[in-house]
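Me: I've got a two-chain model open here. Can you walk me through it?

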Amino acid sequence: MSKAAVVESSLPPDEVIDLKDPLVAAILAWLVPGMGHFYQGRTRKGVLFMVTILGTFFYGLFISEGRAVYASWVDGDKRLPYLCQVCVGLPALPALVQTYLVRNGREPLFGGVMSPPVDVAALNDLWKRLNRQLDLGTVYTMVAGLLNVLAIYDAYGGPVRLEPHEESPRKKEDDEPAESSGG
Amino acid sequence: MHPMLLPLAQVNLMWYSLPLIVAISLVYSATRHEQMQPILVHAARLGTMIVLFMTAILIGLALLSWWL
């Protein structure tokens, strides 16, 4: 329990959040969106993150026929979007297995879902065939990954809050006139 | 087709932005609140702002492309 963290500053008593072990929660949140919140007992937020983030990710994958997510770092096809997509965690990791298989001359699994094009000609064919679907799928899956970064942060540190009764500087001066005017 | 009508030809593509706006609004709002009620209120407000902002940009670009 020594590692446990509790967010309670400026919260009403019924909103005190037990973050348990924030590091474990963050890792779980990365592996499966929402899982970190389930671990902390924040079930509703876990469901919200899971449905929205995984829904966005898999919809992007669906409209691109499973080809928007792949890992590639060869000349002519450096797949930078994967750096965002991998933030979704486990759902994006099969791309690494597919890349390993394809680069070693073996057939990809699952009918080629998340597998990289074998060469530049195959990449061009992919773009010709899917065109804007590949773009849209890439955007959706990238956004899903970036949203999960927010969810990971929420699992680690709790919600980012504005002060509930944020006072203007002028009002604060009115409340404490003696200290500042003493000279 | 009249140049002013060209953006309408892309209007079906714009529908793809709606699920993204909903997802972004919900997730962002959920990182600011803990209870469902304030999350949904914040998400509705944020989603509306995003739609209005994007509509303003769309109108600006459409007018610009019409005049150029």
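Reply: Start with two helices of chain A: α3(A) passes α7(A) in a left-handed crossing. Left-handed means that the near helix is turned anticlockwise from the far one by less than a right angle; clockwise would be right-handed. Helices here are DSSP runs of H or I with at least four residues, strands are runs of E with at least two, and both are numbered from the N terminus.

Me: What should I know about the model and the numbering?

Reply: It is a predicted model: local features need pLDDT of at least 70, side-chain atom pairs count only at pLDDT 80 or more, and totals for chains, interfaces and linings use all residues. Residues are numbered from 1 along each chain as its sequence is written, while chains are lettered from A and ligands numbered from 1 in the order in which they are written.

Me: Back to α3(A) and α7(A). At roughly what angle do they cross?

Reply: Roughly 160°, and the axes come within 7 Å. Axes are lines fitted to C-alpha atoms, for helices over the stretch in contact, and angles run from 0 to 180 degrees between N-to-C directions. The two helices are therefore roughly antiparallel to each other. The cut-offs: under 35 degrees is roughly parallel, over 145 roughly antiparallel, 65 to 115 roughly perpendicular, and the rest oblique.

Me: Which residues make the contact?

Reply: From α3(A), they include Phe49(A), Ile53(A), Phe57(A) and Ile63(A). From α7(A), Leu136(A), Tyr140(A), Val143(A) and Leu147(A) are among them. Contact means C-beta atoms, placed from the backbone, within 7 Å.

Me: How many nonpolar, polar and charged ones?

Reply: The contact of α3(A) with α7(A) has 12 nonpolar, 6 polar and no charged residues. Nonpolar covers Ala, Val, Leu, Ile, Met, Phe, Trp, Tyr, Cys and Pro; charged covers Asp, Glu, Lys and Arg; the others, Gly among them, are polar.

Me: Where does Gly55(A) sit?

Reply: In helix α3 of chain A. Gly55(A) is partly exposed, with 16 other C-beta atoms within 10 Å. The scale: 20 or more other C-beta atoms within 10 Å of its own is buried, 12 or fewer is exposed, and in between is partly exposed. Gly55(A) and Tyr140(A) are 85 residues apart in sequence, yet 9.6 Å apart in space, C-alpha to C-alpha.

Me: Zoom out. How many helices and strands in chain A?

Reply: Chain A has 9 helices and 4 strands. Their order from the N terminus is β-β-α-α-α-β-β-α-α-α-α-α-α. Of its 183 residues, 34% are buried. Among contacts with a separation of 6 or more, 57% link residues 24 or more positions apart.

Me: Which residues of α1(A) are buried?

Reply: In α1(A), residues 22-31, they are Ala25(A), Leu28(A), Ala29(A) and Trp30(A). They pack against β2 (17-20), α2 (35-39) and α7 of chain A.

Me: Now chain B. What is it built from?

Reply: Chain B has 4 helices and 0 strands. Buried residues are 16% of its 68 residues. Helix α4(B), residues 36-67, has 32 residues and reaches 46 Å from first C-alpha to last. That is close to the 46 Å expected at 1.5 Å a residue, taken as 1.5 Å times one less than the number of residues.

Me: How many of the 32 residues of α4(B) are buried?

Reply: 2, and the helix is hardly covered.

Me: How does α3(B) meet α4(B)?

Reply: The axes of α3(B), residues 17-30, and α4(B) come within 8 Å and cross at roughly 135°. That makes α3(B) oblique to α4(B). The crossing is right-handed. Among the contact residues are Ile21(B), Val22(B) and Leu26(B) of α3(B), and Ile39(B), Leu46(B) and Ile50(B) of α4(B). By class, that contact has 10 nonpolar, 4 polar and no charged residues.

Me: Last one. How many residues does each chain put into the A-B contact?

Reply: Chain A gives 21 residues and chain B gives 14. On the chain A side, α3 (43-63) and α7 (132-157) each supply at least two. That side divides into 14 nonpolar, 2 polar and 5 charged residues.

Technical notes:
Two residues are in contact if their C-beta atoms, placed from the backbone, lie within 7 Å.
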